[in-house]
Amino acid sequence: MKKYTTAVLGIGVRGMTHLKGLIESGRFEIVGLCDLELEKAKHGAEFYKLDVPCYTDAEQMLAETKPEVFVFVTHPNIRLPMVKLAQKYGVKGVSLEKPMAESLREAREMAKICRESGIKAIVCHQQKYLSQMQEMKKRIEDGDIGDIVKIHVECQPWMAQLGTHFVDYALWVNGGYRAKWVIGHVSGRATLADSHPSPDFIMGEFLMENGTRAYIECGDLAEAHRDPGYEDFDNRMTVYGTKGYVWCETDGWWGAFTAKTKGELVTGKNPGWYHHQEKAIQTPYYREYAAWLDDDAQVHSCNIDTACHGYEILEGMCLSALDNTRVYLPITNVDYEPVLDRMARELPDVGTKLRTLYDGKLPRKEYD
Ligand SMILES: NC(=O)c1ccc[n+]([C@@H]2O[C@H](COP(=O)([O-])OP(=O)(O)OC[C@H]3O[C@@H](n4cnc5c(N)ncnc54)[C@H](O)[C@@H]3O)[C@@H](O)[C@H]2O)c1
């Protein structure tokens, strides 16, 4: 099978995981690595035994290696310039991390560039490959909970960290229907100073075209389901249907109350996200990407248009909160002051302190 020549930029924590998935998928040939810190690129090459040039400059890498695919694994502040570079150097595919941007205007521009240049782009909402997520989706597709009625997301990490994942998963489990309107509330300004700027807490609702409602609570005021100290990995998505409900958490826990469980709430624990599944799921993610690069009809479940719609839902919730109104989608005019700037100016200080995700505290092994 064809292998796509691929240049990878940003060889930090996640960059190493992307490299593993690209290599293990067997469908990508790495031709260059780049990081502002050259040592990180060299470490990636050495760790994966890659005999490739290492760079500190993105443009030089693209000009010299002429890849078919450009993977960049940076923080959200520099995505649009990277997509513009991808367009300039005529790549066929772009793979980037979440959140896809820092404003809807920027996200739309990135999606437009990719559409107009024929670039197949994916945004890394890959946790849908976790075994408990796949099992939950199968229960829903098998009709175990009847017809979906509503979806409830609770997560302690904030909007730009985990909210972007879970909006994507809510759209995914509901069969890909788009949202018609959103309403939201935001509070707390400390997290706007994070590398993934967000309000400390966002709570919102959106109605999808098939009548399913989704409710999302994201940040410090969301209900915790696990012990204190576990906040960075504490999350849950519950899907309610006409005949029962199912839930799962990214770190492995799941529950099902369905016709098949005969009136009992059955719960379980699959391998944990961080210690066991995180690196493994990057491989099917890249296999699915190669399948889309091979065949236009096999559109990736993490394609940039779906990610852009997810971004629109979250930005719509922020706008709803700032303007005290329901926001109808699609948002047609994105030529407004960026909501992150507005929140920094308008949200009152509620006395919270900036929390840094993971902060050197990974989940304890006993959670596996
Ligand atoms: N999908 C997921 O499950 C998941 C999980 C964790 C993090 N993430 C996301 O992955 C992204 C990266 O996170 P990370 O923890 O790997 O960060 P990181 O800081 O460890 O790595 C980022 C790397 O990019 C490099 N970089 C930045 N700008 C560059 C440039 N212009 N040219 C070359 N290199 C540049 C930095 O030097 C750094 O090594 C974030 O957006 C984060 O939200 C996703």
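This report describes the domains, the ligand shell and selected helices and strands of a predicted model.

**Domains**

The protein chain is assigned two parts, domain 1 (4-126) and domain 2 (128-368). Their centres, taken over C-alpha atoms, are 24 Å apart. Domain 1 puts 35 residues into the contact, and domain 2 puts in 35 residues. On the side of domain 1 that touches domain 2, at least two residues come from each of α1, β5 (93-96), α5 (104-117) and β6 (120-123).

**Ligand shell**

There are 24 residues around the ligand, and those that come nearest are G10, G12, V13, R14 and E97. Helix α1 (residues 13-25) gives the largest share of this shell, with 3 residues. Helix α1 also supplies at least two residues of the domain 1 side that touches domain 2.

| Site | Nonpolar | Polar | Charged |
|---|---|---|---|
| Shell around the ligand | 10 nonpolar residues | 8 polar residues | 6 charged residues |
| Side of domain 1 that touches domain 2 | 16 nonpolar residues | 10 polar residues | 9 charged residues |

**Strands β1 and β2**

Strand β1 (residues 4-9) is largely enclosed by the rest of the structure, because 5 of its 6 residues are buried. A residue counts as buried here if 20 or more other C-beta atoms lie within 10 Å of its own. Strand β1 pairs with strand β2 (residues 28-34) in the parallel sense, over 6 bridges. Within this pairing, T6 has I30 in β2 as its bridge partner.

**Helix α7**

Helix α7 (residues 159-173) has 15 residues, which at 1.5 Å a residue should span 21 Å; the end C-alpha atoms are 19 Å apart, so the two values agree. The expected span uses one less than the number of residues. Most of α7 is covered, with 14 of its 15 residues buried. After the helix comes G175, which has a positive phi near 85°.

**The sheet of 9 strands**

An open sheet with mixed pairing holds 9 strands in the order β14-β13-β12-β11-β7-β10-β9-β8-β15. The edges are β14 (266-269) and β15 (327-328); each has a single partner strand, so one side of each lacks a neighbour in the sheet. Strands β12 (residues 245-248) and β13 (residues 253-257) are paired in the antiparallel sense, with 4 bridges between them. Here Y245 is placed opposite F257 in β13.

Methods
Residues are numbered from 1 along each chain as its sequence is written. This is a predicted model: local features need pLDDT of at least 70, side-chain atom pairs count only at pLDDT 80 or more; totals for chains, interfaces and linings use all residues. A residue is near a molecule or strand if its C-beta atom, placed from the backbone, lies within 6 Å of it. Ala, Val, Leu, Ile, Met, Phe, Trp, Tyr, Cys and Pro count as nonpolar, Asp, Glu, Lys and Arg as charged, and the others, Gly among them, as polar. Domain bounds come from an automatic or database domain assignment. Two residues are in contact if their C-beta atoms, placed from the backbone, lie within 7 Å. A residue is buried if 20 or more other C-beta atoms lie within 10 Å of its own, exposed if 12 or fewer, and partly exposed in between; C-beta atoms are placed from the backbone. Two strands pair if DSSP finds at least two bridges between them.
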